[in-house]
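Reader: I'm new to this one. Could you show me the structure and then let me ask a few things?

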Amino acid sequence: QVRPPPHVVADRHYILHSTLQLQEDARHEFKGHCNISIYDIPMSCFNQEGVSRNSVSASVCGLLNAGTGGIILLGVSDGACVLGVPLTLYQRDHVTTALSYTLSRYSPPVPPSEYSVCFVP
């Protein structure tokens with residue numbers, strides 16, 4: 001039996017371009033990208049009004065401040081369409097490391113026991 005790599009949820013999957021039966025609310029946030037911090041956002045997403053794409057860290061901060069927790073789904077559009085984010089193992093490590101680093105810089109820092117990262121095929 002082939003085991004999935006660490007942090008991959010094997011018993012769950014999403015179908016590309018399908019629409020989730022879930023809506024964004026106080027505990028669910030959809031992001032069509034995986035730009036963790038503002039420094040990860042490509043220059044093409046900046047315009048005269050500022051940034052046209054919010055980083056994942058802004059959503060994480062909002063969920064933490066709400067105090068109820070929640071789930072951020074990367075690779076899902078605001079309309080709940082599964083766009084997917086194809087990532088190599090190196091890129092998965094980068095996302096995990098960038099999130100860990102960003103959360104360690106919050107005041108107060110967010111310990112790893114307070115969040116988890118799962119990659120769903």
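This is a predicted model: local features need pLDDT of at least 70, side-chain atom pairs count only at pLDDT 80 or more; totals for chains, interfaces and linings use all residues.

Author: Residues are numbered from 1 along each chain as its sequence is written, and side-chain values use heavy atoms, with hydrogens and water left out.

Reader: How much of the protein counts as buried?

Author: Buried means under 20% relative accessible area, exposed means over 50%, and partly exposed is in between (1.4 Å probe, protein chains only). Of the 121 residues, the share that counts as buried is 26%.

Reader: Which elements do the buried residues of α1 pack against?

Author: Helix α1 covers residues 56–66, and its buried residues are Val56, Ser57, Ser59, Val60 and Leu63. Seen down the helix axis, they fall within an arc of 160°, so they line one face of α1; the arc is that of the directions from the axis to the C-beta atoms. Contact here means heavy atoms within 4.5 Å. The packing partners are β1 (28–31), β4 (71–74) and α2 (89–104).

Reader: Which two residues meet in a salt bridge?

Author: Look for a side-chain nitrogen of Lys or Arg within 4 Å of a carboxyl oxygen of Asp or Glu. With 3.8 Å from N to O, they are lysine 31 and glutamate 29.

Reader: Which residues lie nearest the centre of the largest pocket?

Author: On a 1 Å grid over the protein atoms alone, a pocket is an open set of points where a 1.4 Å probe fits, with protein on both sides within 12 Å along at least five of seven lines; lining residues have an atom within 4 Å of a point. The largest pocket is lined by 41 residues, and the elements giving two or more of them are α1, β4 and α2. Nearest the centre lie Ile71, Ile72, Leu73, Leu74 and Cys118.

Reader: Where is alanine 80, and is alanine 80 buried or exposed?

Author: Most residues other than glycine have a negative phi. Alanine 80 has a positive phi of about 70° although it is not a glycine. Its place is in the loop between β4 and α2, and at 4% relative accessible area alanine 80 is buried.

Reader: Which peptide bond is cis?

Author: Most peptide bonds are trans. Here, in the segment after α2, you'll find proline 108. With omega near 0°, the cis bond runs from serine 107 to proline 108.

Reader: What distance separates the C-alpha atoms of proline 121 and arginine 12?

Author: Proline 121 is in the segment after α2, and it is exposed, with a relative accessible area of 58%. Along the chain, proline 121 and arginine 12 are 109 residues apart. Their C-alpha atoms are separated by 7.5 Å.

Definitions and conventions: Helices (H or I, at least four residues) and strands (E, at least two) are DSSP runs, numbered from the N terminus.
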